[in-house]
Amino acid sequence: MTNRLLHSVAYVRIPTSTPIASSRFATEILGLQPVEGESSDLRFRTDDRFQTIVMTCTPQSEARLGIEVTDHEALDAAAATLTEAGFPWKYASDDECCQREVKRALFTKDASGNDIELVCAPRMSARRFFPSRDAGVIGLEGVGLRSVDPDRDLFFWTKILGARISDRVGDITYLSIDSHHHRIVLYPSKRVGLLNVAIEVESFDYVMQNNYFLKERQVRIVQGPGRDVPSGQIFLHFTGPERILYSFVTGIRRFADGPPRARQFAHNREALCAWGSECLDGVEFPELMT
Amino acid sequence: MIELRDLTYVRLGTRDLDAAETFATRIIGLQVGERSKDALYLRSDQRAHSLCYFDGDPREQTVGFEVDDEDALMQAAGALEQLQHRVRRGTREEAELRHVHSFIAFDDLSGNHIELVTRPELSGRRYYGSRDAGITGFNHIGLFSKDPVADEKFWTTVCNARVSDRISEIALMRINKIHHTLALVKSDRSGVQHINHQVETVDDVMKSYYLLSKADIPIVFGPGRHPTSGARFLYFQGPDGMVFEYSCGVGEIEDETAHRPRQFGFEPTSFCMWGSKPGQLIPNA
């Protein structure tokens, strides 16, 4: 049964202090298609939507996650539930909606303080997606979020927004909002913010092709190629400018009626990668270590 | 024409049988079928053995192919002698050591030791690996060739091999539906270039990649994917410098009559479509 409130992961807004480097990375390395036109943001496509990965030239701010809700009633319902539960929120201004290419939006924060934007009617592109290189990109799959207050964050995601827990590895919690095993993963952490942005590619062939491509370009691979145990998703984590963690992913398990009952895996090496890959940067990304 | 039915075994000399056994079991994941003072028989599938290490010179390498019966063996001997190959009939003791009924031995044009065998033994027990490597069986070999064009002619006109694809002069040849059982790699030397065992899934290839890397086993090539056969692979180095391969998803040639071999250029992407480089495995690639 798919979630009534949330529809999909719509976009991520990532602050950058090096717009030129970030833009080059997005096109040359990630293979995304830049969106033409006047904007203070650097906008990129991963699929048939108008913009999904956006870099904002506001270096002091934090990353923001955009989630599309099912309809306008859902947005109003979310506003009411947030108020009731004591989570701060406000409606986005017309300018802010314009900038995001959405009809309406609501800004809130989870318990950890991660910026979450709930949006209605994000703009679709009228043109086919044409990536900058043959990276096999087919979409923005999801994100990993750092959590300093896992219990209350879970309350926010499951009780207020209606996401479902699909599986756990230790206290790492996988959240589902549609037929995919998960779209959002909560990682207990000492800090807040986005952990990674997962970009879906066509097949395992593309994860591997990108693996060797990244190596040749001396992009820092943090972990992988690997395979997530609970979801079967194949991943490759690597860093871009500003040390943002990106992941090329493919092959996530899908369930017609959403995932079955959540299972608990022990938080050890075996559960973090079915193949045996390990995180190579435990300093920057301790959330990926045991 | 000599009708080869199956690739049966590889026999390798070694000065250290214990090291070979440790590597074959702990690393590759093969099962010991039999071990004596001077020979080690390893299983990878229903066969009694598919790889045999014997106490001897590592340069002594032999490849065995199965033929139908005694008649086929006699005809093969005749055909080979007509072509000036020296053919030796194996003794009863030698046949027992190979777990076959009978065999003849000869050298191909490059000096590779080839044996044609009848009635190779199967085991009553199924194969059970020494570690969870996902091995489904011994699949194919690469052979060094001093003259790939001449060698290809031998395998495809004197024997029943067909070329499935070529990478420059490297012929990938089949003797049944499997894309290739034999690949010829140009070199100044003769001998077995690599030994392939199939594994169940690409997960097995990737798991072995991390396990072997952690165990400091030299990874020679991969993880990668051959554009020719479509197989996902990993090549690694074992005792006496022998290269072993895991792969999964080797394609099949369905239509014998219609298939035409494709030609790939001599460059790294012809060996791996993902971008891994073959290094010394394919000299000068």
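**Note on a predicted two-chain model**

1. Q218(A) sits in the loop between α5 (204-216) and β14 of chain A. Helices (H or I, at least four residues) and strands (E, at least two) are DSSP runs, numbered from the N terminus. The phi of Q218(A) is positive, about 60 degrees, although Q218(A) is not a glycine. Q218(A) is exposed, with 7 other C-beta atoms within 10 Å. Exposed means 12 or fewer such atoms, buried 20 or more, and partly exposed in between, with C-beta atoms placed from the backbone.

2. This is a predicted model: local features need pLDDT of at least 70, side-chain atom pairs count only at pLDDT 80 or more, and totals for chains, interfaces and linings use all residues. Residues are numbered from 1 along each chain as its sequence is written, while chains are lettered from A and ligands numbered from 1 in the order in which they are written.

3. R119(B) also has a positive phi, near 50 degrees, and is not glycine. Its loop lies between β8 (113-118) and β9 (135-145) of chain B. R119(B) is partly exposed, with 16 other C-beta atoms within 10 Å.

4. Check the cis peptide bonds. One runs from G224(A) to P225(A), with omega near 5 degrees. P225(A) belongs to strand β14 (residues 221-227) of chain A. Another joins G222(B) and P223(B), with omega about 5 degrees. P223(B) is in strand β14 of chain B.

5. Now the interface. 11 residues of chain B are in contact with 12 residues of chain A (C-beta atoms, placed from the backbone, within 7 Å). On the chain B side, α5(B) gives the most, with six residues.

Terms used. Two residues are in contact if their C-beta atoms, placed from the backbone, lie within 7 Å.
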